[in-house]
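This briefing is meant for a reader meeting the structure for the first time. Please keep the sequence and the model in view while reading the points on the sheet, the strand pairs and the helices.

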Amino acid sequence: MPRNFCRLRLLGLNLLIALLACGSSYAARTSRTSESSGSLTTVVIDAGHGGHDRGGIPGQRIAEKDMTLDVAQRLRNVLAASGYRIVMSRDSDVFVSLPTRVAIANSYRNAIFVCIHFNATQRSGAGGIETYFYSRDSLQLASAIHSYVAGGAPSSNRGVRRRGFYVLRKTNIPAVLVECGFLTNPTEAAYAGSASYRQKLAEEIAAGVRGRNIVGSASYVDQTKVAKSEHRRSKRSQKKGARKKKSSSKPAGSEARSGSIDREG
Ligand SMILES: [Zn+2]
């Protein structure tokens, strides 16, 4: 009997130790999780265009694809320094299709998607910063990024806009497309040509990513109906143009250029 009693006491002790061990490892796990909440978010950075797709409009002096890649790489450096996990949809001058960009974004959980573009239009006076989102889950991120980028830029504020761009419509994580100014506007093209300005853009976008949970949702212009009619129009013109010149079809470019309400070309 006493031996059994001893065995029972030992069993109890073992159980207590096991429970304590379990509890401490649980505490370690939760403290790691709370310590890193937010900082471990994956940011998928999408530099618009690339490779044969220069972006912008025909004859544009500064290639949009170079500016978007430069800002994207700067943004990666700033966010990585803040502890975010970064995924780049492209990290060199290569063409990446829109479905591939979306597939990359959708393969990450607890992630956000930030798409970098610059605007273009035939009307050289058009200028300003605009930020797009589509899903309701993306409005807060769009509002935060826009408030920092537009707030920190000397260009005019064209507001937050809701529109069904392919990369915004097809992604199932919060997704935002920032148009960082018009490369066809001489003043904004000069800003974009400066490395320090592109660094500032990257820092403002990063501030928006970090502040996405504290900046309130902005009011926005709903352009979802415009997107549909433009999509139909661009489909028709693509069919017409396809016979004439295959290389004139630029899926990423047509998406981004239709971002401008001032689109004239
Ligand atoms: Zn673009």
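The model described here is a predicted one.

- Seven strands form an open sheet, in which the order is β2-β1-β3-β6-β4-β5-β7 and the pairing is mixed.
- The edges of the sheet are taken by β2 (85-88) and β7, each of which has a single partner strand, so one side of each is left without a neighbour in the sheet.
- On average, and with direction ignored, neighbouring strands of this sheet are turned by 25° against each other.

- Strands of a sheet pair through backbone hydrogen bonds, and the pairing is either parallel or antiparallel.
- Strand β4 (residues 129-133) pairs with strand β5 (residues 157-162) in the parallel sense over four bridges, and here F133 stands opposite R162 in β5.
- Together with helix α4 (residues 139-152), the strands β4 and β5 make a right-handed β-α-β unit.
- Elsewhere in the sheet, strand β1 (residues 42-47) and strand β3 (residues 111-119) run parallel and are joined by six bridges, and the bridge partner of D46 in β3 is C115.

**Helices across the sheet**

- Helix α4 lies across β3, β4, β5, β6 (175-182) and β7, and runs at about 170° to β4.
- Helix α7 lies across β1, β3 and β6, and runs at about 150° to β3.

**Packing of α4 with α7**

- Two packed helices are described by the angle between their axes and by the distance between the axes.
- The axes of α4 and α7 (residues 195-210) come within 7 Å and cross at roughly 150°, which makes α4 roughly antiparallel to α7, since angles over 145 degrees count as such.
- The crossing of α4 and α7 is right-handed.
- On the α4 side the contact is made by A144, I145, S147, Y148, V149 and G152, which meet K200, L201, E204, I205, A207, G208 and V209 in α7.
- Sorted by class, the residues of this contact of α4 with α7 divide into eight nonpolar, three polar and two charged.

**Packing of α2 with α7**

- Helix α2 (residues 64-81) packs with α7 at an angle of about 50°, and their axes are 8 Å apart.
- With that angle, α2 and α7 are therefore oblique to each other, and the crossing of α2 and α7 is right-handed.
- In this contact D70, V71, R74, L75, V78 and L79 of α2 meet residues of α7 that include R198, Q199, L201, A202 and E203.
- The contact of α2 with α7 has nine nonpolar, one polar and four charged residues.

Conventions: Residues are numbered from 1 along each chain as its sequence is written. This is a predicted model: local features need pLDDT of at least 70, side-chain atom pairs count only at pLDDT 80 or more; totals for chains, interfaces and linings use all residues. Two strands pair if DSSP finds at least two bridges between them. Helices (H or I, at least four residues) and strands (E, at least two) are DSSP runs, numbered from the N terminus. A crossover is right-handed if, with the strands pointing away from the viewer, the path from the first strand over the helix to the second runs clockwise. Axes are lines fitted to C-alpha atoms, for helices over the stretch in contact, and angles run from 0 to 180 degrees between N-to-C directions. Angles under 35 degrees count as roughly parallel, over 145 as roughly antiparallel, 65 to 115 as roughly perpendicular and the rest as oblique. A crossing is left-handed if the near helix is turned anticlockwise from the far one by less than a right angle, and right-handed if clockwise. Two residues are in contact if their C-beta atoms, placed from the backbone, lie within 7 Å. Ala, Val, Leu, Ile, Met, Phe, Trp, Tyr, Cys and Pro count as nonpolar, Asp, Glu, Lys and Arg as charged, and the others, Gly among them, as polar.
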